[in-house]
Amino acid sequence: MLPRLLLSACLLGALSAPAQAAWPTDPYSGNVPVSSLSGSEDVPRMVSDGAGGCIVVWRDFASSYDLRAQRFDRNGNKVWTANGVVVVSAAGTQSVYDVAPDGSGGALIVWRDDRNVGTTGEDLYAQRLNSNGTASWTANGVAVCTAAGDQESACITSDGTGGAFVAWTDLRTPANARDIYVQRLSSAGSPVFAVNGQAVCTQPNDQFELCMAPDGTGALLAWT
């Protein structure tokens, strides 16, 4: 059986949901379907929309490894089109790395992208969806890093002004193994730091298992 993406709501704590709420109150009695397209769908990521609902992003095998997204309101009703809006439909394989709220009811998304795998390896692209599910940046995403060598394990967070910080492990310098790089994208999706990112750590051997959090005006990073 092909996997289907289901969103199960286990509401913890004392929530005074209205009578018309669509979220199931018993996780054994059914779930809210995120998408029912033919073909497999996997790698879901989810963030709050800041209004009691959520935004889910996933990979869709039915349309050649593209990414889709859906927003649910606080009652479990779909806000965007039935099987989600298309985030990216470029050639090659796309796979979600991380999603973050944009602070305005939308989402910031960063993914691994193979559209240029034959020349630059696995690259990173990002997109901002507004609260209506419309892409705010270039169709099929803006390039975060297309340096030679693979870019991996990216994370994203809001910069508090409509843009984003993206950090990742980078193999552009084989002698160093995996290094840590970061890029800031403006509210228009343009790079603020150097093209292909600013080095955070280029010590010998591997730096990996990266995580990041906003600090209000910048970003905090930690890694192994």
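This dialogue treats a few local features of a predicted model.

Reader: Where does D102 lie, and is D102 buried or exposed?

Author: D102 belongs to the loop between β7 (94–101) and β8 (107–113). Buried residues are those under 20% relative accessible area. D102 has 6% relative accessibility and therefore counts as buried.

Reader: Which backbone atoms does the side chain of D102 reach?

Author: A polar contact requires a pair of N or O atoms within 3.5 Å. The side chain of D102 reaches the backbone nitrogen of G106 at 2.8 Å, and that of G105 at 3.4 Å.

Reader: Which residues are in contact with D102, its neighbours within four places in sequence being left aside?

Author: With those neighbours set aside, the contacts of D102 are A107, L108, R128, L129 and S158.

Reader: How many aromatic pairs does the count give?

Author: Ring centres must lie within 6.5 Å for a pair, and the angle between the planes then sets the class. The count here is four aromatic pairs. In one of them, the ring centres of W23 and F72 are 5.9 Å apart and the planes stand at 40°, so this pair is tilted. W23 is in the loop between β1 (5–7) and β2 (32–35), while F72 is in strand β5 (residues 66–72), so the pair ties together parts that are 49 residues apart in sequence. F72, at 0% relative accessibility, counts as buried, and W23 counts as buried at 13%.

Reader: Why is the pair of W168 and Y181 classed as stacked?

Author: Planes under 30 degrees apart count as stacked. The planes of W168 and Y181 are at 20°, with the ring centres 6.4 Å apart, so the pair is stacked. The pair links distant parts of the chain, with W168 in strand β12 (residues 164–170) and Y181 in strand β13 (residues 179–185), 13 residues apart. Both W168 and Y181 are buried.

Reader: Which residue lies over the face of Y181?

Author: R172 lies over that face, at 3.8 Å from the ring centre of Y181. Elsewhere, the charged end of R115 sits over the ring of Y125, 3.8 Å from the centre of that ring.

Reader: What backbone feature does N205 have?

Author: Most residues other than glycine have a negative phi. N205 has a positive phi of about 70°, although N205 is not a glycine. N205 is found in the loop between β14 and β15 (211–214), and is exposed, with a relative accessible area of 58%.

Reader: Where does N196 lie, and what is its phi?

Author: N196 lies in the loop between β13 and β14 (198–201). Its phi is positive, about 75°, although N196 is not a glycine.

How values were computed:
Residues are numbered from 1 along each chain as its sequence is written. This is a predicted model: local features need pLDDT of at least 70, side-chain atom pairs count only at pLDDT 80 or more; totals for chains, interfaces and linings use all residues. Side-chain values use heavy atoms; hydrogens and water are left out. Helices (H or I, at least four residues) and strands (E, at least two) are DSSP runs, numbered from the N terminus. Buried means under 20% relative accessible area, exposed over 50%, partly exposed in between (1.4 Å probe, protein chains only). A polar contact is a pair of N or O atoms within 3.5 Å; within protein, one must be able to donate a hydrogen and the other to accept it, and residues adjacent in sequence count only if both atoms are side-chain atoms. Contact means heavy atoms within 4.5 Å. Rings of Phe, Tyr and Trp (its six-membered ring) pair if their centres lie within 6.5 Å; planes under 30 degrees apart count as stacked, over 60 as edge-to-face and the rest as tilted. A charge sits over a ring if NZ of Lys or CZ of Arg is within 6 Å of the ring centre and within 35 degrees of the ring normal.
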